[in-house]
Structures are given as C-alpha cells and as structure tokens.
Amino acid sequence: MRFLVIGGCGFLGRHIVDELLSRGFPVNVFDIRSTFDDGRVKIFLGDLCKKEDLMPALEGVSAVIHCATPPPLSNNRALFHKVNHDGTLNIIACCKEAGVKRMVLTSSASVVYEGSDIKNGVETMPYASKPMDYYTETKILQEKVVLQANSDDFYTVAVRPHGIFGPRDPHLVPTTVRTAQAGKMKFMIGNGENLVDFTFVRNVVHGHILAAESLGPGSKVNGKAYHITNDEPIYFWTFLSKILVGLKYDAPKRHLPFTFIYFLALILNLFVFLLKPIKDIKPTFTPMTVCLAGTHHYYSSEAAKKDMGYRPIVSLDDGIEETIRSFSHLSKK
Ligand SMILES: NC(=O)C1=CN([C@@H]2O[C@H](COP(=O)(O)OP(=O)(O)OC[C@H]3O[C@@H](n4cnc5c(N)ncnc54)[C@H](OP(=O)(O)O)[C@@H]3O)[C@@H](O)[C@H]2O)C=CC1
Ligand SMILES: CC(C)=CCC[C@@H](C)[C@H]1CC[C@H]2C3=C(CC[C@]12C)[C@@]1(C)CCC(=O)C[C@@H]1CC3
C-alpha cells in the first residue's frame, strides 16, 4: 500500500513518513516546502489547494494521510479557510479522481473545545458551537467534509490528537522557551491543577497508521473520528515545568487568577483586531491559549482502543525525556 503524506515535511508529517518507511511502506510526500531529503521518498512540492499540483503526487497511491495546516497559532482566517476547508475539499475530489481508496485526516481534539472544562471527553460530544479561534473553526469544517465524504469506495477516518509534543515540534516547546526567555513564564495561569492531554508524537503516528490499516469494506472505523492520546492526563503547568526545568529554565511558582488573565487576553485580542490594518500582532496569550492553560481538557481514547487496538507505545515521561534531549540547543545558556 503506497501512502501519500500531505504535510509530510511538517512536524507530525515527517514523523509519519519516518515510521511508514521503517515499516516498509512506499511513501510519497506532498508539501508546500521541502524540509528533508531521503532517497526512499518522492517529494512533490505544491499547494494542496491546487488540483494541478496534487494530482501527480496521487499516482499509484492507495492511502492518503492529510496532516497539512497553516501554523495553528497564526490566526490567519482567510488562509485557514483556504487550506483547511477549500483545500481539503480539493484533496477529496483529487483522491476520488485518482482512485485512492483510503483517507486519514489529522483533525484535532480541539474541535469540541470552547474554553470550558472537558474531562475525559468522548467523540460523540458536539462540535464547538462557538470555536475560540479561526484554526478551530476550520478544523471543524475540515473534519465534517472528510467524514461526510466516506462511502463504499472511498473510506475516510479522522484522528483527533491533542497537544502533540516531541522532537522537531515547532509550536509547543519553542513557544514555551521563547515565553520563558521573555520573562513571561514566572506565573501559572490558574491554580495549576487543570488536567490536560499531551500526546507524544510517536503515539500520534501509531494511531494514524492503525487508522489507515483499519479502513476498508464494512470496517467500524469508516466515517468516524477517534481521539488518540497518551492516556496519561497531566497538570498543564506540571508538564510545562518539566520541559522548562529540563531545559534549565525556572519553573513558574506563583499563580495568577485565571479569570483575570482571561479578561486581559480578551482586551488584548480586541486591540490586536483593531490594529490589524496597521500591524499584524501575534500575541502568545490569546483567549484560546489562556483557556488551554487554565482549564481541564483531556479525552478518552477508549474508542480507538476498542475499534483499532490502539495503545500508547511511548509513556509520557519517556516522551518528555526524549523531547528535552532533542531540544538541548534551546537550553538556557
Ligand atoms: N501540533 C499539535 O499540537 C496538534 C496538531 N494537530 C494537527 O496535526 C497536523 C500537523 O500539525 P503540525 O505537524 O503541528 O503542523 P506543521 O505546521 O508542523 O506541519 C504542517 C505542514 O503542512 C504544510 N502546509 C501548510 N499549508 C499547505 C498547503 N497549502 N499545501 C501544502 N502543504 C501545506 C506546512 O508548510 P508551512 O510550514 O510552510 O506552512 C507544514 O509543512 C495538523 O493538521 C494539525 O491541525 C492536531 C492536534 C494537535
Ligand atoms: C500559556 C503558554 C504561552 C504556554 C506555552 C505552550 C503553548 C504554546 C502550547 C500549550 C498547549 C499547546 C496546544 C496547541 C499549540 C501550542 C500550545 C498552545 C494546539 C493549539 C495546536 C493545534 C491543536 O490542534 C490543538 C493544540 C492544543 C494545545
């Protein structure tokens, strides 16, 4: 079974490519930029929104894993809609024309999150009626169109990871370090006792490949969404502190009231919106990131265990240790 990994030069995508190769699968990669060179992989460069770019990459492909997205924290509404919604519709149309049989979408557990506590959330929870940012808004649209596309000759499934971390992560660890270096990590938001799922990247990869292998005629996974987690929810600020201390930065010790910081983030968000025509500011503390930092949000992966035999293959502590080692270049000097 030849795979095409759309977004295969990104953080998660590259780990998926590596694992598929190590399991002996032939792999094509499609991405808007190239970040690596491997003789075993054919890399097609282009825009997933353009049929003429995508079709050549689909030749001889049986299964597509679509994990491309604009940067989740970029807040670019037009780009999110173009890539995550319109682009995904293009992928579906191209897959059907090329005779691809299986599609795995990397969705997100955040599609049901709207800033309030979620404890052991299940896949049957409704989509967020008021998504907190444009990224989430378009991940909901994206998951809907992929699952609606499921049919007797084109099988689709959505994998919903949450808080992916690991070597080459461009979002979580680098942003945490930058925030610490800017002196903005001296305080925890809230009481520090909010449980959150952080998922080591190789567990997310394992879930994707299991999902791809489980798709097929009459399969129970066809047309469904599945949470893939480490099954070890951890206090948000304990996780961040492990990363920070591992990289020789001080862990936050004092607390700021969640409601107060959330209110400040709302005001900052308004200023960002008003100043947008003049200057594009990308604050770290948005209403979304403040809620992620101050509320419970962890999810049940029981459905993935039952329907596709998923189990995390790397523990949280081992994943944190490996991540810290891989980011030693970001350690405090
Ligand atoms: N990181 C996380 O914690 C979580 C991520 N996810 C999902 O996982 C998936 C992978 O995320 P992650 O690896 O972190 O993201 P990355 O930004 O690291 O990778 C996404 C890749 O897609 C590429 N891309 C963007 N736009 C296009 C386009 N128009 N055509 C072709 N390629 C494009 C990006 O290129 P470029 O960098 O140049 O834009 C990048 O190489 C995403 O679908 C995301 O929504 C879900 C839950 C949590
Ligand atoms: C409060 C603060 C500045 C913390 C630093 C770490 C954050 C940058 C990460 C903590 C939780 C992460 C997260 C995502 C991005 C990075 C964090 C906000 C996602 C929004 C990435 C895309 C998704 O699909 C959901 C993720 C939720 C957790």
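Begin by selecting phenylalanine 11, where a backbone N or O atom lies 3.0 Å from an oxygen atom of ligand 1, a polar contact in the sense of a pair of N or O atoms within 3.5 Å. The model is predicted, so local features need pLDDT of at least 70 and side-chain atom pairs count only at pLDDT 80 or more, while totals for chains, interfaces and linings use all residues. Residues are numbered from 1 along each chain as its sequence is written, chains are lettered from A and ligands numbered from 1 in the order in which they are written, and side-chain values use heavy atoms, with hydrogens and water left out.

Next, select arginine 33, whose side chain places an N or O atom 2.9 Å from an oxygen atom of ligand 1, and then threonine 106, where a polar backbone atom is 3.4 Å from a ligand 1 oxygen atom. Ligand 1 has 880 Å² of accessible area on its own, and the protein covers 89% of that (Shrake-Rupley method, 1.4 Å probe).

Taken alone, ligand 2 exposes 590 Å², of which the protein buries 93%.

Finally, select the 15 residues that surround ligand 2, a shell with eight nonpolar, seven polar and no charged residues.

Key:
Near = heavy atom within 4 Å. Nonpolar A, V, L, I, M, F, W, Y, C, P; charged D, E, K, R; others polar. Polar contact = N/O pair within 3.5 Å; in protein donor to acceptor, adjacent residues only side chain to side chain.
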